[in-house]
Structures are given as C-alpha cells and as structure tokens.
Amino acid sequence: MMAVPKLVLAAAAGFCLYTYLGYPALLKVLSLVRRTRRSGGRGGRGGGQRLSGWPQISIQLPVFNEADVIAGTLDRILALDYPPDRRQVLVVSDASTDRTDDIVMSFADRGVELLRQPRRQGKTAAENAARVHLRGEIIINTDASVRIHPAAVKHLVAAFRDGSVGVASARDVSVANLETQANAGEGAYVGYEMWVRDMETAVDGIVGASGCLYAIRADLHMLPVPDALSRDFSAALTARAHGHRAVSVPDALCFVPRSASLHQEYRRKVRTITRGLATLAHRRALLNPLRYGAFAWMLVSHKVCRWLVPWALAASLGALAVLSFTVPWARIVLATAVALAAVAGIAWLRPAGEAMPRFVALPAYVAAGNLAVLHAWLRFLAGRSAPVWEPTRRGALN
C-alpha cells in the first residue's frame, strides 16, 4: 500500500533534482568537452551574414504609462557607446494614458521617434506594428525599467560577427531598487538563470532571450509572431528554426531592479508563463530531438521541466500526506513544508516595500513562483489567453 506514494515521492524528487541540479551538471560536463562554434561555422539557412564595423541598429522600446521613468531611460539610451549616426531609437507606446507620449516627443530633436498604438493590444502587438518602421540591420529590444551598461549594445552587436548567431542576449544583473525594499529571492534566481545560460551558450545556444535586453538580426525579427505569443521567448526559437543560434553575452550588462512586491511578481509570472506555454506550443516542432538534437533536450530541460516542477511538488506533498500516517520521517518533512508555506503566507500578507529578512523572502519567492506556474497552466489548458501586458513597475535606478 505504501509502495505507491513512496514511488511517487521518489519520482517527483528525482524530477526536481534533475531540473535544477542534474541539468546544469550535465551542461557543465558538455561545455567542457564540446567546442563552442567559432566564426566561420554554420551560417544558418539563407546566409548567416557576418557583420563588420558597426552596423545600423534600431533600439526598440515598447512602453505603457512609463511617465515616471521614460525620460531617464531615454537619456541613458542616447548616451550609450554606439555611433549616433548608426542608431535609430523608436519608442512604441501601447496607447499610454499618462504623459509618456508627451515626454517621448520632447526628445524628437535628439532623434527619438514615437509610434503610438491607437488602442491597447499588448507588447507583442506593439512590437509587430513597429516592424515596418525599423531601419536597422540589428534590432535591439529593451525595457523602460532597466539600466543598460554604456558598452552593452556594442557587445551585443559584436556577437553577430559570428555568422551563426541570430540572437544575442544580455546578462541580467539583479540589483536592489534604491527606492524600496527589494525581493532577495528574485536576485538569487536571476543569478542562477544567468549561470545556466552561460553553459547553454557553450553547448548549443540558449533557449530563451532576456526580455530586458536582447538583439536579433532584422530578417529574423521581421518574421511574423502572433500577438498572443511572446516575442522575447520566441526570438531564440525563431533563430534556431532558421538555422541560427541564440547566445548569452556576459559582457553585455543590463541592470534590472528587483520587484518589491510579491503580488506584482506573481502577476508578472502568470502572464509571462501563460504566453510562454502558448509560444512553445506554437513552436513544438523544436522539441523533436531527431531534428534539433541537443537544442531540443535543452528546451525540454530548461523550459518544460521547470514548468512541470510545481506539479511534481504537488504530487510529492500528496505522497507525503499519505505516508505521514505511518512513516515518522514523512511527518517531519511534511511539517517542514507546511512551516515554509506559512512563512510564505506571512510574506504574502505583508505590505509591499516592507523589509523582509532573507529567510522569509526566499521561501516566499519560491512559493509564489510555483503557484504562478500552476495558475498559468490552468489558464493555458482552459484556452484562456495571458492577461494583457502590464510593465513591471520597479521604480527608477539612481
């Protein structure tokens, strides 16, 4: 009778360990024995053009009601270390209702362009509408709430001198928002994610680009992406489907303020993962290892497995509950899980911006993240689209 819950518990624990420890360990081994492709390697279907010098780029910035930060963001973008005559800056307003558009138009004499959507449709729809206005050979996609290192864009563009590269993603650096108490759990997770992306780059290329800052060849960016999907996630998948790699560029730093609110982070994860599930379903052919080899394995391990971990945790809790009637150690483990859930619940009820010790912030972030994934799965399986895009309000970095 007890054999079944023990088997479920062992399988669930093994699955979680593989996803967060086993997969990175295998990547590390492969990165040591597999040579990273060099310039002159596979160029991709239709060309894989190598870039020389500094090509024309278009910096695209989708926004919605960013009046509090947009002026500072544009000042920093205009100060980036890139030839001004080789740069286009286009702000795409998703029908903003505050002073965002007026502030952007005040930068017109400095070369900033504004494209306003007549009605709010979300980030991907705004990016789709902007395609015909982009003039660069390389499209730089970024976010109003982040700070880009002055040299980051040059590092991203330099990656395309390798003809096999179709997408270059920045290294996110999670930093405390100087105006509010930041979420420590988010910072730990971002650091782990960047470490995994570095190893994926060494093996066969990353499976998803950073939505905060990434670059993509214009011919790939111009390919259609349905409005209901995520262009950020789709970029790496589109590149691979057309014979290119997506890579992480460690020197291209993008400073991302941590969210101060668990509720805000929860909503963001529900939205992004719902769109991510729909995007992966749209690109499901890439899951075929017979055609895409190591990339298919990495896509399953990095994305699918992570999105299945909350289900494995739920199954393990059920198994522990059954075992706790007769097995002492199961009662101890279950009691520990309940205690951590209680700590997370306390954190959830605390006002946004209120200081939380790390031993509270970490379990709260993990619990909220896993519940958000379950919520996203339920939306996806019910055929409900993701909630409309709402930029994460992180505050300005000083």
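This report describes the fold, the packing and selected side-chain features of a predicted model.

## Basis of the description

The model is predicted, so local features need pLDDT of at least 70 and side-chain atom pairs count only at pLDDT 80 or more, whereas totals for chains, interfaces and linings use all residues. Residues are numbered from 1 along each chain as its sequence is written, and side-chain values use heavy atoms, with hydrogens and water left out.

## Overall architecture

The protein chain contains 12 helices and eight strands. Helices (H or I, at least four residues) and strands (E, at least two) are DSSP runs, numbered from the N terminus. Of the 398 residues in the chain, 53% are buried. Here buried means under 20% relative accessible area, exposed means over 50%, and partly exposed lies in between, with a 1.4 Å probe and protein chains only.

Contacts are defined by heavy atoms within 4.5 Å. Among the contacts in the protein chain with a separation of 6 or more, 82% are between residues 24 or more positions apart. In helix α11 (residues 328-349) lies L340, which is partly exposed at a relative accessible area of 47%. The C-alpha atoms of L340 and A364 are 8.2 Å apart, and these residues are separated by 24 residues along the chain.

## The sheet

Eight strands form an open sheet with mixed pairing, in the order β3-β2-β1-β4-β7-β6-β8-β5. Two strands are taken to pair if DSSP finds at least two bridges between them. Strands β3 and β5 (147-148) stand at the edges; each has a single partner strand, so one side of each is left without a neighbour in the sheet.

Strands β6 (residues 165-175) and β8 (residues 245-257) run parallel and are joined by nine bridges. S174 has V256 in β8 as its bridge partner.

In helix α2 (residues 70-78), the buried residues are I70, T73, L74, I77 and L78. Viewed down the axis of α2, these residues fall within an arc of 130 degrees, so they line one face of the helix. The arc is that of the directions from the helix axis to the C-beta atoms. The buried residues of α2 pack against β1 (57-63), β2 (87-93), α3 (100-105), β3 (112-116) and β4 (138-142).

N65 is in the loop between β1 and α2, while A95 is in the loop between β2 and α3. A95 is buried, with a relative accessible area of 9%.

## Aromatic pairs and charges over rings

Six aromatic pairs are present in the structure. Rings of Phe, Tyr and Trp (its six-membered ring) pair if their centres lie within 6.5 Å; planes under 30 degrees apart count as stacked, over 60 as edge-to-face and the rest as tilted. The ring centres of Y23 and W297 are 5.2 Å apart and the planes stand at 75 degrees, so this pair is edge-to-face. Because Y23 belongs to helix α1 (residues 3-33) and W297 to helix α10 (residues 289-323), the pair ties together parts that are 274 residues apart in sequence. Y23 is buried at 1% relative accessible area, whereas W297 is partly exposed at 24%. Y192 and W195 form a tilted pair, 6.0 Å centre to centre with 55 degrees between the planes. Both residues lie in helix α6 (residues 184-203), three residues apart, about one turn of the helix. Y20, Y192 and W195 form one aromatic cluster.

A charge sits over a ring if NZ of Lys or CZ of Arg is within 6 Å of the ring centre and within 35 degrees of the ring normal. R120 lies over the face of F64, 3.8 Å from the ring centre. The charged end of R161 sits over the ring of W54, at 4.6 Å from its centre.

## Cysteines

A disulfide is a pair of cysteine sulfur atoms within 2.5 Å, and the count by this rule is zero. For C254, the nearest cysteine sulfur is that of C212, 5.2 Å away. C254 is buried, at 0% relative accessibility. For C305, the nearest cysteine sulfur is that of C16, 9.8 Å away. C305 is also buried, with a relative accessible area of 8%.
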